[in-house]
Each structure stands twice: as structure tokens, then as C-alpha cells.
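Subject: A structure for you to explore

Hi there,

Here is the structure I promised to pass on.

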Amino acid sequence: MHYTTRDIRNVALAGHPGAGKTTLFEALLHAGGVLATAGSVERGTTVSDSDPIEKARGHSLDIAIASIDHAGGDGRPCHLNFIDTPGYPDFRGPALSALSAVETAVVVVDADTGVEHGTVRLMERARERGLCRAIVVNKIDHEHADCGRVLAQLRETFGPQVLPLNLPADWGRRVVDCFSGAGGDSDLGPVAEWHQRILDQVVEVDEAAMERYLERGESGLAPEALHDAFEQALREGHLVPVCFVSARSGVGVPELLRVASRLFPDPTEGNPPPLLASDGNGGTRPLPVRADADGHVIADVFKVVNDPFIGKLGVFRVYQGTVRRDTPLYVDDGKRAHRAGHLFALRGREHVEVEQAVAGDIAAVGKIEEVHFDALLHDSHEEDGVRLAPVAFPEPMFGLAVQAASRGQEQKLAQALQKLAEEDPAFVVAHDAEVNETVIRGLSELHLRVMLERLRERFGLQVQARPPRIAYRETVSAVAEGHHRHRKQTGGAGQFAEVFLRVEPLPRGGGFEFVDEVRGGAIPGQFIPAVEKGVRQALQAGAVSGHPVQDVRVVVHDGRHHAVDSKEVAFVTAGRKAFLDAVSRASPLVLEPVVALEAWAPDAQLGDVTGALAARRARIAGTGGADGHGTGAVVRAEVPQAELEGFAAELKSLTAGKGRYVLEFSHYEPVPPHVQQKLVAGWKPKAED
Ligand SMILES: Nc1nc2c(ncn2[C@@H]2O[C@H](COP(=O)(O)OP(=O)(O)O)[C@@H](O)[C@H]2O)c(=O)[nH]1
Ligand SMILES: [Mg+2]
């Protein structure tokens with residue numbers, strides 16, 4: 001079917017785990033004629049949860065994309081790209097990247113459990129990203145569903161701009177339109193009342209429409225004027241429409257599809273994408289882009305898939321222009337253009353070859369090695385330096401040091417880890433050169449466990465894993481002077497250098513500054529870099545406990561040299577030792593990484609979990625019955641990373657396996673004195689001259 005930019009809708013399904021996103025995705029594909037029958041999560045037959053590990057676990061770990069071609073309003077075609085996202089915060093890397101590729105986020109809420117912490121978190125992330133938001137209340141067939149209560153709760157939580165487009169009727173056996181229609185009764189009272197409310201809300205954004213509406217009532221509103229006001233209200237968050245469905249029985253699903261085609265924004269109607277261009281001075285400026293199919297190509301890769309048959313696929317969203325098979329594509333600021341050759345539309349794990357992707361569409365391209373998550377694809381050097389504003393991903397802190405279980409597989413392991421890291425922006429692989437150790441980091445123990453399962457499943461690799469070293473740092477907490485005179489006589493030529501310097505603490509995150517205040521050539525200019533080099537050596541190797549020193553300023557202010565014996569190497573040594581001397585007087589501190597942790601546990605075990613965290617030097621930031629329906633409470637805490645060893649197992653045993661947690665980097669903080677003593681005593685600096 002031929003479609004244009006105006007016919008496209010990009011919609012991400014987001015929400016708390018278990019709300020029914022994957023089931024709804026399946027039901028939409030069925031209602032849209034893509035699937036003859038809808039699969040089920042329980043039987044492992046859905047398009048979205050098609051990965052063997054997802055099937056085994058019964059929930060989504062990654063995003064899935066599929067499109068539906070559907071007759072929209074007025075006989076126009078409609079091309080809907082739906083993205084199903086995982087709800088668990090452990091897998092929020094891929095979920096957040098999906099939000100950067102769509103105009104509309106549909107937050108799915110369970111009619112039984114109501115608003116949950118995942119609901120609130122994702123509504124917030126979608127708002128931050130400038131997306132149009134809609135809410136789908138799912139499971140209206142559920143025996144405990146209480147649609148009236150859930151709607152009230154949604155309006156209480158997110159504001160009175162949350163208003164239904166349709167209403168459940170006959171106790172969830174059908175839905176009635178309350179936006180275009182005004183007659184009849186529903187499970188939530190007379191349809192006319194809700195109709196009035198949503199119309200009032202929509203016309204509020206448009207003064208002219210408002211006036212006509214007040215004068216002549218609804219008949220004063222031309223359909224186009226109402227449509228435009230509706231889009232504006234969505235864009236501004238002045239309206240968050242609600243639809244009711246049962247993904248399981250299919251009630252309300254065709255209606256939702258119709259709402260998406262008729263009322264969700266097309267790529268020209270959503271808020272403009274946050275594209276940035278370089279301003280020529282190392283900074284960036286906003287780049288206004290229109291979803292114009294005839295413009296230069298600007299597309300952003302928001303997902304990388306390593307397909308066993310096709311190889312590496314870059315899934316991209318086109319913001320401007322049209323990508324054809326023979327379009328030359330530059331990746332970021334690369335010099336050489338690539339020809340796509342083949343373009344694909346996605347349906348879960350399957351790919352269908354397509355001719356082109358117009359502005360606003362989502363498609364995939366294979367066989368371009370340079371493609372990576374967040375790569376910008378463009379067809380002209382004029383767009384060099386353009387980027388999509390980065391998504392604020394959490395910095396992963398749950399680490400494991402890994403090693404191939406059998407010898408000779410190191411190379412294969414490195415490549416496999418590289419591939420996994422490409423697919424998930426919250427999974428990183430680092431090499432700790434000092435101890436020659438490969439460290440993987442993710443958001444939780446579960447996150448990494450799934451990655452290890454993937455290594456086994458997809459690459460046939462077994463690994464040994466253990467906790468990695470803690471990335472301690474050192475700093476100083478006072479200003480102090482340091483001095484060193486280096487003199488060495490070996491046979492004929494000697495070495496001489498003398499350095500006076502001062503160290504000063506910088507605020508946390510201040511890094512390192514080096515200042516030259518030497519007057520009158522006491523240290524000749526050409527030797528200053530040597531002094532800095534020596535200081536940097538000590539910075540790297542550590543001064544008191546063997547960990548890199550940070551957040552210090554070093555001011556070199558005096559010294560002495562010798563016309564013949566002063567050499568670069570002499571000043572390197574003098575600089576290093578003067579620095580160590582200064583640090584030893586500057587009340588040095590060992591810093592440790594502190595993580596922000598969020599743990600979920602059944603209400604009854606909340607106290608035990610809080611206690612277990614407190615015993616690990618945690619500062620509890622807050623606790624709460626997160627969803628208020630007895631399905632779990634949440635604890636937020638700041639905990640030194642070093643104290644978290646074994647916490648996964650402890651949480652599991654305290655909560656009979658029901659507890660979960662995720663963590664991300666928060667900040668560095670001094671260790672308690674007894675820990676510092678231990679770390680300092682345990683360090684043996686390498687013997688040096
Ligand atoms: N009763 C009922 N159960 C549903 C409905 N939609 C989903 N479920 C069930 O809710 C559970 C979670 O569904 P799933 O689609 O995996 O949720 P997700 O985590 O949001 O993707 C599964 O057991 C589904 O069968 C519905 O409309 N009605
Ligand atoms: Mg799911």
C-alpha cells in the first residue's frame with residue numbers, strides 16, 4: 001500500500017510490567033489484519049516476546065516493532081508503526097530508546113491494579129521527551145476491574161486533562177465513543193457528560209474555536225478545526241486521552257486502532273524532534289526539521305539488532321527526506337557513503353523488504369558495520385555534526401568481571417559482548433587494564449543474568465563471573481604544600497630537579513587542574529610539561545591507596561634547575577614525588593562510588609528489606625506502598641557500591657524470590673575512616689626510584 005508522511009503514526013506502548021502491553025500489541029496486529037490469530041504471552045506465541053529467553057521468562061526483555069496498514073478515516077491509508085517495550089526497569093535501556101523514535105507514547109494501565117510506579121515513571125519520561133501521551137486502560141474484562149476507580153485515580157495522579165475518548169459499557173463487554181458520540185449510557189454514567197468534558201478541554205487551546213463553540217455550540221466547530229485543536233491539546237499535554245480495552249478479549253481494540261489512525265499525531269503534527277546541529281564552536285544549536293519527504297535525509301538509529309541471518313541491522317526513524325535502497329548514507333561524520341542495498345520493515349523478528357522509508361517512517365538497514373545505537377544517517381555532508389538530543393540513560397553500576405570458561409574463547413567472548421552492548425544502551429563492557437579483567441555493567445543482577453543467558457543461547461559461550469573491583473578514587477580535603485629535590489649522580493652525567501607545588505581540593509566532579517605559577521624561570525618553561533607528566537603519573541597510580549586521584553588542583557610555583565644536569569626525566573620524578581609529598585599533608589581521602597538503588601518487595605517484607613539495606617550503610621531516601629494495591633512496596637536508597645555484594649541473594653531469600661532491584665551510578669563520597677585505614681594499609685606501592 002502506498003502511503004505518505006501524513007499517513008504515518010508512530011506509537012510506543014509503555015507501562016508497568018504486566019499491564020498487558022505485549023498482549024495489546026498482539027491484539028492490535030490481529031485487529032489490523034497482520035495476524036490471523038492473536039498469540040498469548042502464557043503460551044509463548046506472541047510476535048513481541050519471540051526470543052527464547054523472553055518465552056521462558058514470560059515477559060519482554062527487548063522492544064519489538066511491527067507495522068499495520070489500515071484504512072484510516074476518509075478512505076486514506078494509514079501506516080501505524082507500533083513499538084512494544086519491556087516494562088521492567090532493568091530493561092529500560094531499550095524502552096527509553098523507543099520513546100525517542102515516536103510521536104505518541106501510549107501508557108498501558110491495568111484496570112485491576114490501577115496506577116503503579118511504572119505508570120508514573122513512564123508518563124514522566126514521555127512528558128520529558130515532549131511526546132503526545134495517551135493512556136490505555138487494559139483488562140476491562142478482569143473480574144476485579146474497576147474502570148471508574150482507575151479513571152479517578154489517573155485523573156488524581158496526572159491531572160484533570162486526563163479524559164476518556166471512549167467508555168466501557170455492559171460491564172466491559174463493549175466500549176462507546178464519547179468523543180464523536182454523545183448518546184447512550186456507559187459503565188461510567190451518561191456518555192453526554194464525558195462528551196461535554198472532553199470537548200470543553202479540547203477547544204480551550206484554541207481561542208477562535210472556543211468562541212464559535214460558546215456561540216453556536218458543537219455545530220459551530222468544523223471537523224478540521226476540532227482535529228487541529230485536538231492535536232494541539234495533545235502536543236501541549238493539555239489533553240491526555242484515555243481508551244478502554246481488553247487486549248485478551250479484543251474489546252475496544254479496533255476502536256483503539258481507529259483512534260490511533262484518526263486522532264494520534266502524524267509526524268508533522270507531533271512536537272518537533274529534538275535535533276541538534278553543531279554551532280561551529282564546539283557547541284550545539286537546535287536544528288528545526290520538517291518531516292519533508294523531499295528534503296535531505298536525516299534519520300536516527302534507535303536500535304541495533306544482530307540478526308543471525310542478516311547480520312547487523314540498524315533500525316532507524318526518518319526525520320526528513322526519503323531513504324531509498326540506493327540512497328548514499330553517511331553515518332555520523334563519516335567520510336564514506338554507504339548504499340543501503342536493502343531496506344526492511346519489521347514485524348517482530350521478521351523483516352520484510354521495502355522500497356523506501358519516507359520522512360516519519362521507521363525501517364531497518366543491514367550490512368553497515370559503522371551503524372551503532374544513536375548513529376545519525378544522512379545523505380549529504382551538509383548534515384555532518386547533526387545529532388538527535390541524547391536520551392538520559394541511567395549509568396549502569398551492577399558489575400561483573402567475566403572470563404570465558406574455556407581457553408581460546410576470549411576473542412569470541414569479546415565480540416559477543418560487543419554485540420550485546422550495541423543492542424542495549426544500558427549495558428556496557430569495559431576493560432580494566434590494571435588487572436586485565438573484562439567487566440560488564442548493567443542495571444541489575446537480573447539484567448546481567450539475562451545477558452549471560454544470551455551469551456549461552458546465541459553465541460554458545462559459557463563464562464565465569466565474579467564481582468569486579470570497586471572503582472575507588474582518592475582526593476584531598478585540604479590545601480597543602482609539597483616539595484621534592486631529585487638529584488642523582490651516575491658516573492659522568494647527573495640528574496637534578498627541584499619542585500615546589502601546592503595541592504588544593506576541587507569540588508566533587510572537578511577532575512584535575514594543573515596551574516603553572518613559576519616566576520622568573522625558576523623552572524624553565526620547557527620542563528613544566530615534565531612536571532605535569534610526573535603529577536599525572538601519580539594521579540593515575542594513586543597516592544595513598546592505589547586508586548586514581550581526582551578533584552584536585554595542582555599549582556607549581558617554584559623550583560630549581562641545573563644548567564647541565566636538569567633533564568626532562570628528572571623533572572618528571574621531582575613532579576611526581578612533590579605531588580605525593582603534598583597529598584600526604586593534604587588530608588587525603590579515599591572516595592567510593594555510591595549508587596542510587598530502587599528495590600521492590602512485597603509490602604509485608606518492606607521492613608526486612610529496609611533493615612538489610614541499613615546494615616549495608618544505606619541511606620534510605622524513601623519508602624512507599626508504591627501502587628497501593630498490595631502488589632509491592634518500593635524502597636529508594638543511596639548505598640555504597642562496595643556494600644552491595646551478596647545483596648541480590650539476600651533480597652531473594654528475604655522475599656521468597658519476589659524482590660527485585662535496580663541501581664545506577666549516583667556520586668562519589670568519602671569512605672568511613674575504618675574502611676580508609678584498611679584500604680591504605682592494604683596497598684603496596686610499586687617500588688620506584
Ligand atoms: N484478564 C486479562 N488479562 C490480560 C489482558 N491483557 C493481558 N493480560 C494478562 O496479563 C499478563 C501480562 O500481560 P503482558 O502482555 O505480558 O504484559 P506486559 O508486561 O505489559 O507486556 C498476562 O498474563 C496476560 O495474559 C486482558 O485484557 N485481560
Ligand atoms: Mg511485555
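Let's start with a pair of helices: the axes of α1 and helix α9 (residues 253-263) come within 9 Å and cross at roughly 80°. Axes here are lines fitted to C-alpha atoms, for helices over the stretch in contact, and angles run from 0 to 180 degrees between N-to-C directions. Helices are DSSP runs (H or I, at least four residues), numbered from the N terminus. α1 and α9 are therefore roughly perpendicular to each other, a label for angles of 65 to 115 degrees, while those over 145 count as roughly antiparallel. A27, L28 and A31 of α1 touch V253, P254 and L257 of α9; two residues are in contact if their C-beta atoms, placed from the backbone, lie within 7 Å. By class, this contact has 6 nonpolar, no polar and no charged residues. Ala, Val, Leu, Ile, Met, Phe, Trp, Tyr, Cys and Pro count as nonpolar, Asp, Glu, Lys and Arg as charged, and the others, Gly among them, as polar.

Before going on, please note that this is a predicted model, in which local features need pLDDT of at least 70, side-chain atom pairs count only at pLDDT 80 or more, and totals for chains, interfaces and linings use all residues. Residues are numbered from 1 along each chain as its sequence is written, and chains are lettered from A and ligands numbered from 1 in the order in which they are written.

Helix α1 (residues 21-31) also gives the largest share of the shell around ligand 1, with 3 residues. In total, 20 residues surround ligand 1, and the closest are G20, K21, T22, T23 and R248; a residue is near a molecule if its C-beta atom, placed from the backbone, lies within 6 Å of it. The shell around ligand 1 has 4 nonpolar, 11 polar and 5 charged residues.

Q201, V202 and V203 in α6 meet L226, A229, F230 and A233 in α8, a contact with 6 nonpolar, 1 polar and no charged residues.

The axes of helix α14 (residues 606-614) and helix α15 (residues 647-654) come within 10 Å and cross at roughly 160°, so α14 and α15 are roughly antiparallel. D608, V609 and A612 of α14 meet E650, L651 and L654 of α15.

Enjoy exploring!

How values were computed:
Helix = DSSP H or I, 4+ residues; strand = E, 2+ residues; numbered from the N terminus. Parallel < 35°, antiparallel > 145°, perpendicular 65-115°, else oblique.
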